[in-house]
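Dear colleague,

Please find below the structure that I am handing over to you, followed by a short account of what was found in it.

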Amino acid sequence: MKKKVLVTKNLLKETEERVKKLFDVKLNKEEKPYTTEDIVELSKDCDGILCFGTNKIDASAIDKLSNKVKIIANYAVGFGNIDIDAAAKKGIVVTNTPEVLTEATADISILLLLGASRRAYEGRKFAEEQSWSWKTDFLLGKQMSNRKLGILGMGRIGRAVAKRARGFGMEIHYHNRTKLAAHLEEGAIYHDNIKSLFNNSEFLSINCPATKETTNLVNEQSINYLPDGAVVTNAARGDIIDDTAMIKAMKSGKVFALGLDVYNGEPKINPEYLKLNNLFLLPHLGSATIRTRIDMGNRAIDNLENFFQGKKPKDQVN
Ligand code: 8YV
């Protein structure tokens with residue numbers, strides 16, 4: 001008999017076809033915004049859940065989940081939305097979708113760096129108004145080519161950002177909990193602390209996972225370590241930046257411009273950000289390409305399939 005799986009959001013056609021072939025699925029065709037309680041309720045008769053980064057499954061939800069649920073396959077590389085320790089305690093396996101979104105997310109990091117540093121938001125507004133006059137000092141930005149780029153979090157995505165940035169002639173600096181092997185560093189300069197990384201980050205790209213340690217890592221004190229007029233971008237998770245401190249730095253010019261794809265409490269955005277022109281913002285598009293989303297779907301389904309076949313899923317995170 002097919003295993004029963006709750007799918008919390010609508011899937012791309014290709015993913016839906018495959019998931020329907022393999023499992024007895026409860027789909028969310030109308031894309032209802034399921035609350036945590038809805039997920040608990042709807043998964044009562046299910047063996048597994050295929051959910052998304054926007055679905056919060058915290059310890060109290062895990063506690064209430066039916067004992068029938070044995071796996072939660074997250075359609076995302078980040079899994080901060082799920083309490084993986086509580087899940088492990090209850091014997092529930094949690095999986096994510098690494099690797100397949102590395103390139104797409106690195107591309108977005110570069111878009112953020114360029115969009116912020118070259119004032120794309122203000123540029124778009126002037127272009128729409130069709131009334132700008134060309135002047136030598138009109139909308140002058142910062143040029144990232146041949147400058148220093150600091151990468152906070154040199155995992156797969158951080159390294160893919162570094163690879164692209166080398167094409168701009170950038171000197172790569174990074175901070176990780178541990179120094180990478182030389183073949184992964186490819187000449188990037190390691191800093192064992194934030195102060196030293198930030199001191200060297202004329203441009204800063206945030207690509208680390210959201211953990212207790214990275215919450216508010218970019219705060220009033222650490223922002224002050226940056227060179228004056230730095231450009232900062234975040235394609236990871238909103239809670240890595242202390243928004244109040246960042247807004248202050250953007251107003252003072254300490255931070256020349258900020259590029260964001262992720263936000264604290266998204267889709268809500270701190271309203272003070274929206275008053276600023278030196279912000280280039282996107283609505284969490286890191287993995288949003290057809291190819292990547294199909295691959296993410298397949299990766300999540302592979303994890304479910306392996307698990308129900310009695311194998312350890314490739315992407316188990318707990
Ligand atoms: C997703 C992401 O769009 O994979 C991640 O961690 O942030 C994005 O790729 C989102 O989480 C949907 O599940």
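I begin with Glu 272, which forms a salt bridge with Lys 275, the closest N and O atoms being 2.7 Å apart. A salt bridge is counted here when a side-chain nitrogen of Lys or Arg lies within 4 Å of a carboxyl oxygen of Asp or Glu. Lys 275 is exposed, with a relative accessible area of 61%, whereas Glu 272 is partly exposed at 28%. For these words, buried means under 20% relative accessible area, exposed means over 50%, and partly exposed lies in between (1.4 Å probe, protein chains only).

Please note that this is a predicted model, in which local features need pLDDT of at least 70 and side-chain atom pairs count only at pLDDT 80 or more, while totals for chains, interfaces and linings use all residues. Residues are numbered from 1 along each chain as its sequence is written, and side-chain values use heavy atoms, with hydrogens and water left out.

Glu 272 also forms a salt bridge with Lys 251, and here the closest N and O atoms are 3.6 Å apart. This pair links distant parts of the chain, 21 residues apart: Lys 251 belongs to helix α11 (residues 243-252), and Glu 272 to the loop between β11 (255-260) and β12 (279-281). Helices (H or I, at least four residues) and strands (E, at least two) are DSSP runs, numbered from the N terminus. Lys 251 is exposed, with a relative accessible area of 54%.

The structure holds 23 salt bridges. Another of them joins the side chains of Asp 315 and Arg 299 (2.7 Å, N to O). Its partners are 16 residues apart, with Arg 299 in helix α12 and Asp 315 in the segment after α12 (290-308). Are these two residues buried or exposed? Both Asp 315 and Arg 299 are buried. Through shared partners, salt bridges join Glu 99, Arg 156, Arg 299 and Asp 315 into one network.

Finally, I turn to the strands. Strand β1 (residues 4-7) pairs in the parallel sense with strand β2 (residues 24-26) over 3 bridges; two strands pair if DSSP finds at least two bridges between them. The chain runs from β1 through helix α1 (residues 13-22) to β2, and this β-α-β crossover is right-handed, that is, clockwise from the first strand over the helix to the second with the strands pointing away from the viewer. β1 also pairs in the parallel sense with strand β3 (residues 48-52), over 3 bridges. Val 5 has Val 25 as its bridge partner in β2 and stands opposite Gly 48 in β3.

Yours sincerely
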